[in-house]
Amino acid sequence: MRKLLKVAIAAMSVIVASGSTLRAEEPAFLSLGAGVYDLLDNETTAEARAEYRFSEEHKLWLFTPFVGLMATAEGATYGYGGIGVDIFFGKRWVLTPNFAVGLYGNGDGKDLGYPVEFRSGLELAYRFDDYSRLGLTFHHISNASLDDQNPGTESLMLMYSIPFDKIFSN
């Protein structure tokens, strides 16, 4: 499964680099999610996530920066920052491969072996007329063998992204 995810991210990077994506004037988003943590292992629990995704004007070349915080029902936390690339399929569907690095605390949950952890994944979302998105995201988190202990974990989340400026508008 991990090799498949890496191949998918590499393939999406080639598509993005070839210029075959549509570009949209995307706003900043507040993205909220809930789902399953440690999906493919034996310490499965609930996960919640909040992210701030920067607007189009803050892109780094094709990459949209984001920062976020994840927490599990077992008290694990992960604060992170990273980049993603929006690949549009028509007006409605958006595939976003993404990568982040952050600090992890296991609380009473799964010990990932090292405080520095890397996250890679994909999000597939439906884009509404008001630019908000509803989608599924799959992520793998591991320490990339910075420590001898590197069990890694996977998450599957339902994410809702609302344009940040709409939160405070009437």
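Predicted model: local features only at pLDDT ≥ 70, side-chain atom pairs only at ≥ 80, totals over all residues.
# A tour of the chain, stop by stop

Residues are numbered from 1 along each chain as its sequence is written, and side-chain values use heavy atoms, with hydrogens and water left out.

Colour by secondary structure and follow the chain along its sequence: the pattern reads α-β-β-β-β-β-β-β-β-β-α. Now show the surface. The accessible area is about 8800 Å², with 63% of that belonging to carbon and sulfur atoms; areas come from the Shrake-Rupley method with a 1.4 Å probe, and for residues only the protein chains shown count as cover. Of the 170 residues, 44% count as buried (under 20% relative accessible area; exposed is over 50%, partly exposed in between; 1.4 Å probe, protein chains only).

**Stop 1: the core.** Select Tyr37, Phe66, Met70, Ala76, Tyr78, Tyr80, Ala100, Tyr104, Leu112 and Ile141, the 10 residues of the largest nonpolar core. Such a core is a set of buried Ala, Val, Leu, Ile, Met, Phe, Trp, Tyr and Cys residues joined through side-chain atoms within 4.5 Å. Strands β3 (64-72), β4 (77-84) and β6 (93-105) each give two or more residues to this core. In soluble globular proteins, nonpolar side chains tend to be buried together.

Stop 2: Ala100 sits in strand β6 and counts as buried because its relative accessible area is 0%. Leaving aside neighbours within four places in sequence, Ala100 is in contact (heavy atoms within 4.5 Å) with residues including Phe66, Tyr78, Tyr80 and Arg119. Draw a distance from the C-alpha atom of Ala100 to that of Gly121, 21 residues along the chain: the separation is 9.1 Å. Next, pick Leu112; among the residues it touches, not counting those up to four places away in sequence, are Tyr37, Tyr104 and Ile141.

**Stop 3: Arg119 and Tyr80.** Arg119 lies over the face of Tyr80, at 4.5 Å from the ring centre. A charge counts as over a ring if NZ of Lys or CZ of Arg is within 6 Å of the ring centre and within 35 degrees of the ring normal.

**Stop 4: Ser132.** Go to the loop between β7 (116-127) and β8 (133-142), where Ser132 is placed. Is Ser132 buried or exposed? Ser132 counts as buried because its relative accessibility is 2%. Its side chain makes a polar contact with the side chain of Asp130 (2.6 Å). A polar contact is a pair of N or O atoms within 3.5 Å; within protein, one must be able to donate a hydrogen and the other to accept it, and residues adjacent in sequence count only if both atoms are side-chain atoms.

**Stop 5: the aromatic cluster.** Select Tyr52, Phe54, Phe164 and Phe168, which form one aromatic cluster. The structure holds 9 aromatic pairs. Tyr52 and Phe164 form an edge-to-face pair, 5.2 Å centre to centre with 90 degrees between the planes. This pair links distant parts of the chain, with Tyr52 in strand β2 (residues 45-53) and Phe164 in helix α2 (residues 164-167), 112 residues apart. Phe164 and Phe168 also pair edge-to-face, at 5.8 Å and 75 degrees. Rings of Phe, Tyr and Trp (its six-membered ring) pair if their centres lie within 6.5 Å; planes under 30 degrees apart count as stacked, over 60 as edge-to-face and the rest as tilted. Phe168 counts as exposed, at 65% relative accessibility.

Technical notes
Helix = DSSP H or I, 4+ residues; strand = E, 2+ residues; numbered from the N terminus.
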